[in-house]
Amino acid sequence: MPPPAVARAIVSQGVVGVYRPGEDPGARHKQPRPSGARRGERARLPPPFSLEDQRLRLPESPGLGWPRRARSRCPVGPENSSMSQCAYPEDAAESELPDGCGLLHTSRKYLKLKNFEEEIRAHRDLDGFLDRASIILNETATSLDDVLRAMLLRLVHKPDNTEPDCNVDLLMAVLFTDAGTPMEGKVHLLSDTIQGVTATVTGVQYQQSWLCIICTSKSLLKRHVCISRLVRPQNWGENCCEVRFVILVLAPPKMKSTKTATEVGRTFATMFLDITFRQKLLKTRTEEEFKEALVHQRQLLTVMDQGPNPSLKNYSISSICVQKSHQPLQHKDFFPVGKGIREDFARRFPVYSLDFTDGIIGKNKAVGKFITTTLFLYFACLLPTIAFGSLNDEITYGAIDVQKTIAGQSIGGLLYALFSGQPLVVLLTTAPLALYTHVIRGICDDYELDFNTFYAWTGLWNSFFLALYALFNFSLIMSLFKRSTEEIIALFISMTFVLDAVKGTVKIFQKYYGISHGNHNADHISVLSLLGLGTSLNTSFHTALNTSLLANPPELTSVSSRSAEHPSRETAVLSLLIMLGTLWLSYTLYQFKKSPYLHPYMREILSDCALPISVLTFSLISSYGFREIKMSKFRYNPSESLFKIAEMQSLSLGAIGSAMGLGFLLSMLFFIEQNLVAALANAPENRLVKGTAYHWDLLLVAVINTGLSLFGMPWIHAAYPHSPLHVRALAVVEERVENGHIYETIVNVWETRLTTLGASILVGFSLLLLPVPLQWIPKPVLYGLFLYIALTSIDANQLFERMALLLKDQASYPPTHYIRRVPQRKIHYFTGLQVLQLLLLCAFGMSPLPYMKMIFPLIMMAMIPIRYKLLPRIIEAKYLDAMDAEH
């Protein structure tokens with residue numbers, strides 16, 4: 001029978017012993033009764049997963065592994081006897097004789113049972129042991145020293161021993177903690193052990209018939225396991241009163257996180273938890289029978305783990321959803337019409353008022369975090385808005401300019417902040433939207449159509465299709481996108497940030513570093529070709545700068561300033577330094593919260609304000625510190641009228657039909673990006689609690705873009721990585737250490753509308769800052785901003801982490817869920833297949849042909865059958881699901 005569900009393995013580490021010569025040891029092991037407790041009531045231990053106590057140990061009697069008095073005190077009872085009482089360290093403080101005294105610190109923590117169905121190392125650990133088994137069936141030694149020495153000698157004298165520097169005395173010294181202490185030679189305390197325990201209402205009961213001892217030594221080259229079965233039960237002190245099995249695990253210190261001594265010990269400790277299995281081992285007569293019992297126990301544990309697992313509650317919502325997503329969507333899921341919108345509204349409306357009061361009213365206030373996040377969001381939205389306004393001004397011949405772009409961003413952001421179901425999502429105009437605008441401008445020029453009218457009809461058809469998607473619950477299709485697919489797209493966006501920054505810097509060097517400058521027509525051609533380099537996701541603002549800014553047409557500066565500006569190498573070198581300086585300062589401040597300097601509150605403020613501080617600092621350095629070196633400025637032409645409705649009746653039916661085709665392709669881009677970015681913002685690791693509203697938000701985006709289309713303003717939709725970064729800025733984060741690796745975990749997120757509302761208002765007020773001082777922000781600062789956004793957006797990208805594993809030593813692998821549950825070769829295969837999909841996205845998304853980029857949403861939809869049909873033919877489905885899970 002398998003062990004009970006409450007059984008756990010507990011690892012214990014001791015450091016030093018405490019004993020005063022001449023004192024009666026028995027008098028020091030009476031546990032003081034807690035205040036308020038009844039007579040005879042035992043003090044309870046701390047709750048599970050936080051067992052920590054300090055104990056007194058008695059000196060070793062001659063010839064025995066443990067104190068004689070302690071042995072007489074520990075009764076030899078049933079296997080799961082209750083924990084013996086311990087003395088408190090305050091008693092030792094009463095000692096007046098310091099000679100021979102020390103301090104003992106015992107640290108205990110629970111280990112998860114090894115999952116033989118999911119964790120591949122469980123089987124590999126056992127297979128490695130069976131191949132070179134070291135089993136002692138009838139050990140006659142009685143003391144712990146003699147038993148361990150016999151086990152070490154068995155390992156050393158094996159015919160296939162590959163440890164030339166293995167020294168038994170050295171290993172014996174490592175196994176115990178008393179070497180070099182004042183009580184050396186008097187008492188032995190094991191350094192690191194694992195024992196089985198069972199939780200009860202009164203505390204913890206130890207399984208005393210087996211003991212797993214783990215040890216690491218620099219003199220070892222490989223891992224070794226030896227199991228010894230004693231002839232008679234031995235009493236080796238408290239919690240070890242009737243030991244029959246001793247498991248010794250030795251390993252080098254530098255090992256992969258899933259191959260450490262603790263992990264190997266966890267494998268065998270999980271097997272020995274079963275009392276039926278231990279009784280079976282007692283009946284074996286030969287090593288072959290012993291091995292067969294181990295193999296049979298492995299099979300039982302594997303079958304048990306495949307059944308209903310009560311520990312499923314430890315997994316995240318995402319991994320549970322992965323299990324559900326195996327069920328294909330049915331036609332009934334999309335009906336009745338508007339069901340998803342009604343559910344979203346019912347879910348979010350009851351907490352609508354809390355979106356304005358959380359963090360402002362009550363005990364837990366976060367006003368400072370709201371202010372810093374608003375400033376971050378303001379700069380993160382304003383700079384791409386200006387860049388795309390400058391680009392649209394150029395490609396539409398002034399029909400859509402900087403003023404209209406800022407006005408549309410402010411109005412759309414305000415409406416979304418007030419009425420959206422998930423206000424943490426940030427709306428922006430992006431590079432692919434500028435691409436569609438460019439295509440519309442070309443069609444209007446070829447067929448002599450009015451641009452504003454054709455643009456408005458395209459936007460209206462786009463909004464019409466988005467409304468249909470929302471009413472018929474099409475957002476359910478996005479559940480087919482696995483985490484791996486989302487991360488491919490996210491990494492693609494981050495790559496385009498870096499690519500655009502690099503290409504922008506290269507263009508500056510080509511213009512100013514003595515290379516052929518070309519004429520304005522050649523620059524204009526480079527504008528269009530660079531537009532083709534824009535990504536077809538919400539790759540934000542970088543492509544815009546590579547077009548309108550790098551071309552540097554005559555409209556950028558006045559005639560007098562242009563005549564005074566000569567190509568010089570100083571401009572190119574300064575641009576490179578400004579870009580790298582912006583990246584360095586922003587990322588350094590972003591990581592400053594992890595440094596030991598200043599007060600934690602000040603560190604958090606500097607980290608949250610990293611983006612505005614770096615932009616302002618290097619804009620001032622460039623504009624005032626090097627004012628003699630001229631830098632290009634944004635294209636800016638004032639609008640004649642911000643709110644002028646297009647003449648919708650001026651188009652023919654054929655032109656309206658053509659606009660419908662463009663609107664359909666545009667709606668697919670909106671649909672995928674809006675839902676994908678919302679899913680990344682609502683990821684389970686962000687711990688958002690107020691619920692999602694995919695259908696309602698999609699309908700709201702359709703309504704907002706209807707108004708923007710009629711007034712000739714740029715379209716907007718959810719932007720990556722601005723939305724996840726916004727969530728991160730409002731998060732309360734804590735660090736945890738696991739096997740030497742530091743992880744950041746989000747405790748909670750302030751789900752508020754105030755930050756997006758404030759940022760949108762500030763963007764609107766920025767109309768008063770045109771053209772000065774906004775034109776003082778040089779292009780290299782924007783390129784540094786691109787690199788900063790790209791760098792911060794890949795922090796939690798699992799695809800990037802797995803690509804980095806190819807360059808790491810295995811001992812540095814983090815103990816992630818996929819490292820434990822998936823073979824290393826399969827992980828690298830899966831990473832390679834993801835890289836191929838990433839290259840496919842790059843081939844279309846970065847194509848110089850605008851019409852190839854227009855069908856890019858279809859390529860993203862094609863990744864669904866690739867994940868469900870093609871990849872399972874190469875890698876087992878269980879491994880794919882494991883790598884797509886969160887934990």
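Predicted model: local features only at pLDDT ≥ 70, side-chain atom pairs only at ≥ 80, totals over all residues.

Trainee: OK, how many helices and strands are in the protein chain?
Mentor: The protein chain has 33 helices and 13 strands.

Trainee: And what share of the residues counts as buried?
Mentor: Of the 887 residues, 56% count as buried. The chain exposes about 38,600 Å², and carbon and sulfur atoms supply 61% of that.

Trainee: What about contacts between residues at least 6 apart in sequence, how many of those join residues at least 24 apart?
Mentor: Among those contacts, 80% do.

Trainee: Let's pick a helix. What does α4 pack against?
Mentor: Helix α4 covers residues 144-156. Its buried residues pack against β4 (135-139), α5 (168-175), β7 (210-216), β8 (224-234) and β9.

Trainee: Which residues of α4 are the buried ones?
Mentor: They are L144, D145, V147, L148, M151, L152, L155 and V156.

Trainee: And what span should α4 have?
Mentor: At 1.5 Å a residue, its 13 residues should span 18 Å, and the end C-alpha atoms are 18 Å apart, so the two agree.

Trainee: Is V243 buried or exposed?
Mentor: V243 counts as buried because its relative accessibility is 0%. Leaving out residues up to four places away in sequence, V243 touches Q208, S209, L230, R232, P233, Q234 and W236. The C-alpha atoms of V243 and P233 are separated by 5.1 Å, with the two residues ten apart along the chain.

Trainee: While we're on strands, which way do β5 and β6 run?
Mentor: Strands β5 (residues 192-200) and β6 (residues 203-206) run antiparallel, joined by four bridges. They form a hairpin with two residues between them.

Trainee: Which residue in β6 does V197 stand opposite?
Mentor: V197 stands opposite Y206.

Trainee: New topic: how many salt bridges does the structure hold?
Mentor: It holds 24 of them. One is between the side chains of K114 and E263, at 3.1 Å from N to O. K114 is in the loop between β3 (106-111) and α3 (120-131) while E263 is in helix α6 (residues 261-272), so this pair ties together parts that are 149 residues apart in sequence.

Trainee: Are those two buried or exposed?
Mentor: K114 counts as buried at 3% relative accessibility. E263 is buried too, with a relative accessible area of 7%.

Trainee: And what does R820 form a salt bridge with?
Mentor: Its partner is E119, and the closest N and O atoms are 3.9 Å apart. R820 lies in helix α29 (residues 817-821) and E119 in the loop between β3 and α3, so the pair ties together parts that are 701 residues apart in sequence.

Trainee: Which residue pairs with D884?
Mentor: That's R867, with the closest N and O atoms 2.7 Å apart. Since D884 is in helix α33 and R867 in helix α32, the pair ties together parts that are 17 residues apart in sequence. Both D884 and R867 are buried.

Trainee: What else is buried in α32?
Mentor: Besides R867, there are F856, P857, I859, M860, M863 and I864. The buried residues of α32 pack against α16 (483-512), α23 (653-681), α30 (824-845), α31 (850-854) and α33 (877-884).

Trainee: Which residues make up that network of salt bridges?
Mentor: R348, D355, D358, K690, E751 and R753 are linked in it.

Trainee: Last stop, the surface. Which residues form the nonpolar patch?
Mentor: I360, I361, V367, I371, L375 and L762 form it, with about 480 Å² of accessible area together. Helix α12 (residues 367-395) gives the most to the patch, with three residues.

Trainee: Where does I360 lie?
Mentor: I360 is in the loop between α11 (354-357) and α12. I360 counts as partly exposed because its relative accessibility is 32%.

Notes:
Residues numbered from 1 in each chain as written. Heavy atoms only, no water. Pairing = 2+ DSSP bridges. Buried < 20%, exposed > 50% of the residue type's maximum accessible area, 1.4 Å probe, protein only. Contact = heavy atoms within 4.5 Å. Patch = residues over 30% accessible without salt bridge, like charges linked within 9 Å, V, L, I, M, F, W, Y side chains within 5 Å. Areas by Shrake-Rupley, 256 points an atom, 1.4 Å probe, with all protein chains shown as cover. Salt bridge = Lys/Arg side-chain N within 4 Å of Asp/Glu carboxyl O. Expected span 1.5 Å × (residues − 1).
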